[in-house]
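Hi,

Here is the structure I promised to pass on.

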There are 2 protein chains.
Amino acid sequence: MSKLKSAPTLDDVARRAGVSTATVSRCLNTPERVVEATRKKVLSAVEALGYTPNFAARAMVAKRAYTIGAIIPTMENAIFARGLQAFQEALHLHGYTLLVSSSAYKPEIEEEQIRTLVARGADGLLLIGHDRAPRIYEYLERLKIPALVAWSFVSESYLPSIGFDNRKAMFELTERVVGLGHTRLGMISGITHGNDRARLRLEGVRDAIQANGLNPETLQVVETTYEIENGAEAFSGLMSQQRPPSAILCGNDVLAAGALRRAQDMGLRVPEDVSITGFDDIELARIVRPALTTVHVPHREMGSKAALALVEMVEQKTRTSAQRLETHIVEGQSLGPANSG
Amino acid sequence: MSKLKSAPTLDDVARRAGVSTATVSRCLNTPERVVEATRKKVLSAVEALGYTPNFAARAMVAKRAYTIGAIIPTMENAIFARGLQAFQEALHLHGYTLLVSSSAYKPEIEEEQIRTLVARGADGLLLIGHDRAPRIYEYLERLKIPALVAWSFVSESYLPSIGFDNRKAMFELTERVVGLGHTRLGMISGITHGNDRARLRLEGVRDAIQANGLNPETLQVVETTYEIENGAEAFSGLMSQQRPPSAILCGNDVLAAGALRRAQDMGLRVPEDVSITGFDDIELARIVRPALTTVHVPHREMGSKAALALVEMVEQKTRTSAQRLETHIVEGQSLGPANSG
DNA sequence: TTGTAAGCGTTATCAG
DNA sequence: CTGATAACGCTTACAA
């Protein structure tokens, strides 16, 4: 009665190679502790059978699943894709598998996903941003699950973060805008509730306005979800006022692309009639015309550094130190001097 | 010596409730087979200890991980994002977790990922397209791992597919193009080797050319990877010939966006000077101006149907039947009549 | 209805 | 250097 349907096990390999399972295991994990001849026999048996170690068994004894979970707000737009891809690649290099799920920007879904991932044995977790219910942190703390926040660097936070300073980035961009003479500003922001990235970006704008002695009232803000169409709608709303802004800062490139599109549909020239800026520097920013002036975020760097840090936290059981990555402004053609008229 | 650092086990719960581990297990899995009083005791012990079943142990004995693996060519562009998101959501509804990895369009990486996912206990697999080494199918067959192909419907294939007819979709689009009087056609195709979607789309174009009595030589083809910049480069290449095409069909929207961008940078008007079409109908297609005339693919429908079918295959151990989903042409402004000049 | 005990596929500890 | 053998945490016959 040969094994017909299930994957070959260590035992099958051992039998075929005429050695014990322990030896096979050693060949695979600590080959240097096995003599050349044996190793050869074993490896060819492995090959012949197409053996792959059973993960569950390995995880059980190791008490380690070699799995990192990540919960991102959405898979549907490119904001997180590049960083996540890098994260996955780096994890793979270290022998870890990535388990992703998306929360659709809903806190209660995120919480459920966290529990699911933990139950599935995630050894560590990557979360986006810092805003969440304290009980989640307590839960992770109690279970001693290492977790890391990406996409938002905050020096004093419950979890260590590897990310960039959203506020500072937006502050700098706004300074640039103000420096070009704009005094009536609009901001199309993401929903700030429960989203520290969005909130900090908005604060960055406000700070810059204040720092430059402009009246805070000059800033008109619309909050909306990150969809192209919403960016377009928000843009119309802002521009249909009596004294519309001469520059619109957008919470990300997706919103900016929508705004830009609508501007053109309304017959407004960008940047002559109105300037528009983005954030993230995703591919989209370079495709639209005029290309967006935006904030470059080192997505891949962030992803791979987060992976490294998380693996280290898992393996050394240490709390990693936060890392702040630098952003910089990318010059497109969507930002120009304020119309002196 | 109390357990300090590791998660509570069945045994801990059993001890605390004063019952055997079997009873605890039953309380959790088949509560109706346990008398009320016992169940209460057990559940409160579970509660008090914050017990969560160890996933690896459960997977090992059940030989079922409630996990579906998916290997997609890339996470970096939006082609697969929407469908995958829907796939994940539907899976989640059925109590399954999705394990994704991306192969970067490399067959050998895909093969490795398949083995990894299987080793990790994936109960079923979602693969993209049909082109892969036969040994992979043998492997899946031998291990009796249900697998399904999406993004490409082919009626006679080794694995059942839930997807659309790439050839037919492109055939129809090409007919539309030819119907507008275009007789010099260009195609910017994805790499066809190992990618049946790309190959079938190209064949669709060829078929339509033949069906309409045009000389096959009128079609110029460039193959390149799916990146905006490559679409742009390919476009320049095609247009720098003596008698450049009057219409360029692109293998997907990403390539089309690149072509469109380059057209504009070259001072060509679209569609007056040259028509450009896309494929996929991702958001990008609607953002660029002119908006792309493209082929709409029901990504979300495909994702959720694939999830359903796969879960069924896993649970009933049946082979599902293939499903062909319909595509349709989306009218943008990037396709116009051939310039009579 | 509940308990006992035999695995599931690995790894790790000891002997040999 | 290699081979028994005991865990790991859970489910599931089989007994009681």
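Predicted model: local features only at pLDDT ≥ 70, side-chain atom pairs only at ≥ 80, totals over all residues.

Let me start with a loop: B:Pro290 sits between H12 and strand S10 (294-296) of chain B (helices, H or I, of at least four residues and strands, E, of at least two are DSSP runs, numbered from the N terminus).

Residues are numbered from 1 along each chain as its sequence is written, while chains are lettered from A and ligands numbered from 1 in the order in which they are written.

Also in chain B, B:Asp281 lies in the loop between strand S9 (275-277) and H12. Its phi is positive, near 60°, though the residue is not a glycine. B:Asp281 counts as buried, with 23 C-beta neighbours inside 10 Å (buried means 20 or more other C-beta atoms within 10 Å of its own, exposed 12 or fewer, partly exposed in between, with C-beta atoms placed from the backbone).

Chain A has a positive phi too, about 55° at A:Lys63, again not a glycine. A:Lys63 is in the loop between H4 and strand S1 (67-72), and counts as exposed with 12 C-beta neighbours inside 10 Å.

As for the chain contact, 39 residues come from chain B and 40 residues from chain A (contact means C-beta atoms, placed from the backbone, within 7 Å).

Cheers

How values were computed:
Contact = placed C-beta atoms within 7 Å.
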